[in-house]
Amino acid sequence: MLRGIHPLLGPELLHALRTMGHGDEIVIADANFPASTLGRPVIRADGLGAEAVVEAILTHMPLDTFDTAAAFRMAMVETPEEVPPICVSFQEIIDRLAGPFRVAPLERFAFYERARQAAYIVATGELKLYANLILKKGVLPPGEFEPAW
C-alpha cells in the first residue's frame, strides 16, 4: 500500500503512475495541448493547474537517473531560447522534489512526437501558455510500497 498519497492524485492518475515502468514517460499538458489526438491514453485533470499536477506526480514518481535528460518542456515557437515563467516554476518544483534535473527544451513538433510515445497524457485546465512538460519515470526506491499481504 502506498503511504501518504498526495491529495490531488485521483485513482486514475495513481493507477497510471503505478502501471508505468522505468523509462516510461508521462505528459503534463496545458488546456491548449492536443491531448486527445495524439493516440495516447488521456487522464483528464481539467480543474487543476499544471504546477499542482507536476507537484503531485513528483511526490510519488522519481525521475530517471540513467539518461541524460528526464524532463522536457515545449520551447516557445517565436523565441525558443526564452523560458516561459511556468517552465521556471516547473524547474523549481523538479529541483525541490526530484533533484538537480535540467528541464530540456524541445521544439514544438519534436515535443508532439515525443508525447506520441508517452505512456499517458494528463490534460490539465492550465491556461498559461507553454505549460507542457514530459517526465521520464525512474526506478522506485525500496520502501516506496508496502506489500498488501
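Where is the place of Pro 142? The points below take this up and then turn to other parts of the chain.

1. This is a predicted model, in which local features need pLDDT of at least 70, side-chain atom pairs count only at pLDDT 80 or more, and totals for chains, interfaces and linings use all residues. Residues are numbered from 1 along each chain as its sequence is written, and side-chain values use heavy atoms, with hydrogens and water left out.

2. Pro 142 lies in the segment after β6 (133–136). Helices (H or I, at least four residues) and strands (E, at least two) are DSSP runs, numbered from the N terminus. With a relative accessible area of 84%, Pro 142 is exposed; exposed means over 50%, buried under 20%, and partly exposed in between (1.4 Å probe, protein chains only).

3. Leaving aside neighbours within four places in sequence, Val 139 is in contact with His 22, Pro 62 and Phe 66, where contact means heavy atoms within 4.5 Å. From Val 139 to Leu 48 the C-alpha distance is 27 Å, at a sequence separation of 91 residues.

4. Glu 25 is in strand β1 (residues 25–29). This residue counts as buried because its relative accessibility is 8%. The side chains of Glu 25 and Arg 114 are joined by a polar contact of 2.7 Å. A polar contact is a pair of N or O atoms within 3.5 Å; within protein, one must be able to donate a hydrogen and the other to accept it, and residues adjacent in sequence count only if both atoms are side-chain atoms. Beyond four places in sequence, the residues in contact with Glu 25 include Met 20, Phe 72, Tyr 120 and Lys 136.

5. Ala 71 belongs to strand β3 (residues 71–74) and is buried, at a relative accessible area of 0%. Residues up to four places away not counted, Ala 71 touches Ile 94, Arg 102, Val 103, Ala 104, Ile 134 and Leu 135. The C-alpha atoms of Ala 71 and Val 103 are separated by 4.9 Å, although these residues are 32 residues apart along the chain.

6. The axes of helix α2 (residues 50–60) and helix α3 (residues 85–97) come within 10 Å and cross at roughly 20 degrees. That makes α2 roughly parallel to α3, since angles under 35 degrees count as roughly parallel, over 145 as roughly antiparallel, 65 to 115 as roughly perpendicular and the rest as oblique. Among the residues that meet are Val 54 and Leu 58 in α2, and Phe 90 and Ile 93 in α3. The residues of this contact of α2 with α3 comprise eight nonpolar, two polar and three charged.

7. In α2, the buried residues are Ala 50, Val 53, Val 54, Ala 56, Ile 57, Leu 58 and His 60. They pack against α1 (11–19), β1, β2 (42–45), α3, β5 and β6.

8. Tyr 130 is in the loop between β5 (120–124) and β6. Its phi is near 60 degrees, a positive value in a residue other than glycine.

Methods: Axes fitted to C-alpha atoms, helices over the stretch in contact; angles between N-to-C directions. Nonpolar A, V, L, I, M, F, W, Y, C, P; charged D, E, K, R; others polar.
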